[in-house]
Amino acid sequence: MFERFTTSGREVVRGAVRHAEDTGSDTVGEAELLLALLDRTGSPAADALAALGAHGRRDSIARALAEVRRRGGISNADAEALAGLGIDVGEIVARVEEAHGVGALATGGTPGRPRRGKRPLRRPFAREAKSVLERSLRIALARGDKHIGDEHLLLSLTARPGVAAHVLADHDVTYVQIERALAARAER
């Protein structure tokens with residue numbers, strides 16, 4: 001499937017691997033794919049994100065992704081739903097970190113914490129990231145495209161609920177808005 005990726009699509013995948021390395025994650029996930037997309041300039045996805053104001057809120061999005069990682073993958077929407085049941089996720093995280101250290105619940109590893117055993121030579125893609133890559137192919141085919149570009153990866157990240165979709169939605173960026181921004185870019 002990787003042969004169908006455009007240069008910009010491949011750069012997003014490589015960038016996601018670098019983000020996983022930077023955060024100390026053992027795997028590449030949705031968060032790393034989103035951060036790699038936010039690093040882009042001059043591509044369809046970058047232009048769509050810029051048109052929706054996401055580039056200007058990159059630091060806020062990165063902080064939100066880091067907070068989700070710290071909570072073990074629990075998004076703001078999940079935390080709010082649990083709060084409705086009387087479960088304070090912030091309190092649980094605080095207690096776990098008090099007992100086991102900061103970042104104890106962090107998914108995929110915690111920066112600055114010593115690791116046991118060897119680090120993998122290549123970071124594998126987590127199940128949800130593989131799903132994003134597969135979905136990007138389906139989206140490209142549905143749109144009549146013969147390639148997979150960064151725009152397909154962005155659409156795929158927001159097509160279904162997940163960490164990236166929730167964080168982007170919290171920053172007023174949705175699948176429908178991305179489709180519109182991409183259509184407006186194509187008209188130019």
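Student: Which residues does L34 touch, not counting residues up to four places away in sequence?

Tutor: This is a predicted model, to begin with. In it, L34 touches I61, L65, L157, A164 and L168, leaving out residues up to four places away in sequence.

Student: Which residues touch the most other members of the largest nonpolar core?

Tutor: L34, I61 and L154 do. That core has 40 residues.

Student: And which elements give two or more residues to this core?

Tutor: Helix 1 (7-23), helix 2 (30-39), helix 3 (44-51) and helix 4 (58-70) are among them. Helix 7, helix 8 (150-159), helix 9 and helix 10 are also on the list.

Student: Which helix gives the most to this core?

Tutor: Helix 2, with seven residues.

Student: Let's stay there. At what angle do helix 2 and helix 4 pack?

Tutor: About 170 degrees, and their axes are 11 Å apart. That makes helix 2 roughly antiparallel to helix 4.

Student: Why does that count as antiparallel?

Tutor: Because the angle is about 170 degrees, and angles over 145 count as roughly antiparallel.

Student: Which residues meet across that pair?

Tutor: From helix 2, A31, E32, L34, L35, L38 and D39. From helix 4, R58, I61, A62, L65 and R69.

Student: How do those residues divide by class in the contact of helix 2 with helix 4?

Tutor: Seven are nonpolar, none are polar and four are charged.

Student: Now helix 4 and helix 9. What are the angle and the axis distance?

Tutor: The angle is about 135 degrees, with the axes 10 Å apart. That makes helix 4 oblique to helix 9. The crossing of the two is right-handed.

Student: Which residues of helix 4 and helix 9 meet?

Tutor: I61, A64, L65 and V68 on the helix 4 side. V163, V167 and L168 on the helix 9 side. By class, this contact has seven nonpolar residues, no polar ones and no charged ones. I61 and L65 in helix 4 also meet helix 2.

Student: Which residues of helix 7 and helix 8 meet?

Tutor: S131, V132, L133, R135, S136, I139 and A140 in helix 7. Their partners in helix 8 are H152, L153, L155, S156, L157 and A159. The classes here are eight nonpolar, four polar and one charged.

Student: Take L133. Is it buried or exposed?

Tutor: L133 is buried, because its relative accessible area is 12% and the limit for buried is under 20%. L133 sits in helix 7, residues 127-142. The C-alpha atoms of L133 and G9 are separated by 10 Å, although the two residues are 124 apart along the chain.

Student: Where does D145 lie?

Tutor: In the loop between helix 7 and helix 8. D145 is partly exposed, at 21% relative accessible area. Leaving aside neighbours within four places in sequence, D145 is in contact with A140 and H152.

Student: What is A16 in contact with, leaving aside its neighbours within four places in sequence?

Tutor: V28, E32, L33 and A36.

Student: How far apart are A16 and L182 in space?

Tutor: 22 Å, C-alpha to C-alpha. In sequence, A16 and L182 are 166 residues apart.

Student: Last topic, backbone. What phi does D172 have?

Tutor: A positive one, about 60 degrees, although D172 is not a glycine. Most residues other than glycine have a negative phi.

Student: Where does D172 lie, and is D172 buried or exposed?

Tutor: D172 is in the loop between helix 9 (163-170) and helix 10 (175-187). D172 is exposed, with a relative accessible area of 53%.

How values were computed: Residues numbered from 1 in each chain as written. Predicted model: local features only at pLDDT ≥ 70, side-chain atom pairs only at ≥ 80, totals over all residues. Heavy atoms only, no water. Helix = DSSP H or I, 4+ residues; strand = E, 2+ residues; numbered from the N terminus. Buried < 20%, exposed > 50% of the residue type's maximum accessible area, 1.4 Å probe, protein only. Core = buried A, V, L, I, M, F, W, Y, C linked by side-chain atoms within 4.5 Å. Contact = heavy atoms within 4.5 Å. Nonpolar A, V, L, I, M, F, W, Y, C, P; charged D, E, K, R; others polar. Axes fitted to C-alpha atoms, helices over the stretch in contact; angles between N-to-C directions. Parallel < 35°, antiparallel > 145°, perpendicular 65-115°, else oblique. Left-handed = near helix turned anticlockwise from the far one by under 90°.
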